[in-house]
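Please consider the protein shown below.

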Amino acid sequence: MRFYRGMTGAVLFCALSLGCSKNGAFETSVGGYCELPEVGKAHRVSSTSTGLPAHYRIDRPGSDRIQVTLFLEFQESLNVYGSKSRSGWARGARAFTEQCLAEADPFLVGPSGEKLQIRLATEAETAQMPGRSTVHVTSDPVRGHSRLWWTGWGCPQVMHEVFHFVGLTDEYAEPGTYACRAVGPSDSLMANPAAAYQSVFTGARRSLLYPAQFVAVAYPGCQKRNPHYYGCATQAYRTLPENSCGDRPNACGEGHTDWVEL
């Protein structure tokens, strides 16, 4: 499925996001968020544990349910020729993202069977957020990133970008740019979104997220719950020569991709 029929997919890039609470600041936790909020309560998360800023709200509507709310404002972008994208495409991008979230909802399952739901705050809720994240929407076939979305992306690419907003890093190899990056499994959403969708829709996997990815969203920054993931993910955007990347856990050493497992 795409924003508009007849367009092709695109390769994804890394993401940045900003956000804040009603009083202008998210709660922070020095040691990470190692416990979920009580049922009926919420955390406002602010974390840079993976190197990407992640700002969102975690609610607990039930004992086995976790809800993440993102505050994204979609706007039309100027295209490469200086003209503005067609009016209404930003609203179309929001509607399409909500459609993708609904499609992915049955496949966001944690290692113990927990269910994760991701929702976009309403436009009214988002407008009240001083630090809301702006996503520009363009009709140009650009590579794009979390702040610049192409109308030709399908749901796998959109969901890849959505998970950047909660701190998950890219896991595909870019040796000429990010030589220190830990590579993920070939069907990881953060390495190859289309392959991840293929895996869940054919029944090869029950969740679009590997266990450590799920835990990184539900318990952001909690090293004791997710030691391998943070040891590997934090090098995703380092530009040093590969032999200067420092020590990495064996789980993401050469030829290893099991750092997204617990």
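The account begins with the whole chain and then turns to particular regions.

This is a predicted model, in which local features need pLDDT of at least 70 and side-chain atom pairs count only at pLDDT 80 or more, while totals for chains, interfaces and linings use all residues. Residues are numbered from 1 along each chain as its sequence is written, and side-chain values use heavy atoms, with hydrogens and water left out.

The protein chain contains 6 helices and 7 strands; helices (H or I, at least four residues) and strands (E, at least two) are DSSP runs, numbered from the N terminus. Read from the N terminus, the order of elements is β-β-β-β-α-β-α-β-β-α-α-α-α. Of its 262 residues, 53% are buried, where buried means under 20% relative accessible area, exposed over 50%, and partly exposed in between (1.4 Å probe, protein chains only). Contacts are defined by heavy atoms within 4.5 Å. Among those between residues at least 6 apart in sequence, 63% join residues at least 24 apart.

In soluble globular proteins, nonpolar side chains tend to be buried together. Here the largest nonpolar core has 61 residues; such a core is a set of buried Ala, Val, Leu, Ile, Met, Phe, Trp, Tyr and Cys residues joined through side-chain atoms within 4.5 Å. L116 and F163 have the most contacts inside this core. Leaving aside residues up to four places away in sequence, F163 touches L108, L116, I118, L168, L189, M190, L209 and V217.

F163 is also one of the buried residues of helix 3. Because 10 of the 10 residues of this helix (residues 155-164) are buried, helix 3 is largely enclosed by the rest of the structure. Its buried residues pack against strand 3 (65-70), helix 1, strand 5 (115-120), strand 7 (148-150), helix 4 (193-201) and helix 5 (211-218).

The spaces in the model come next. On a 1 Å grid over the protein atoms alone, a cavity is a set of points where a 1.4 Å probe fits but cannot get out, and a pocket is an open set with protein on both sides within 12 Å along at least five of seven lines; lining residues have an atom within 4 Å of a point. Grid points are joined across faces, edges and corners, and a volume is the space filled by probe spheres set on the points.

The second largest pocket has a volume of about 160 Å³. Strand 4 (72-76), helix 1 (89-104) and helix 2 (123-127) each supply at least two of its lining residues, and strand 4 gives the most, with 4 residues.

Two residues illustrate opposite surroundings. R205, in the loop between helix 4 and helix 5, is buried, with a relative accessible area of 14%. A polar atom of the R205 side chain lies 2.6 Å from the backbone oxygen of D187. By contrast, D247, in the segment after helix 6 (227-233), counts as exposed at 81% relative accessibility. The C-alpha atoms of D247 and G231 are separated by 8.9 Å, with the two residues 16 apart along the chain.

Key:
A polar contact is a pair of N or O atoms within 3.5 Å; within protein, one must be able to donate a hydrogen and the other to accept it, and residues adjacent in sequence count only if both atoms are side-chain atoms.
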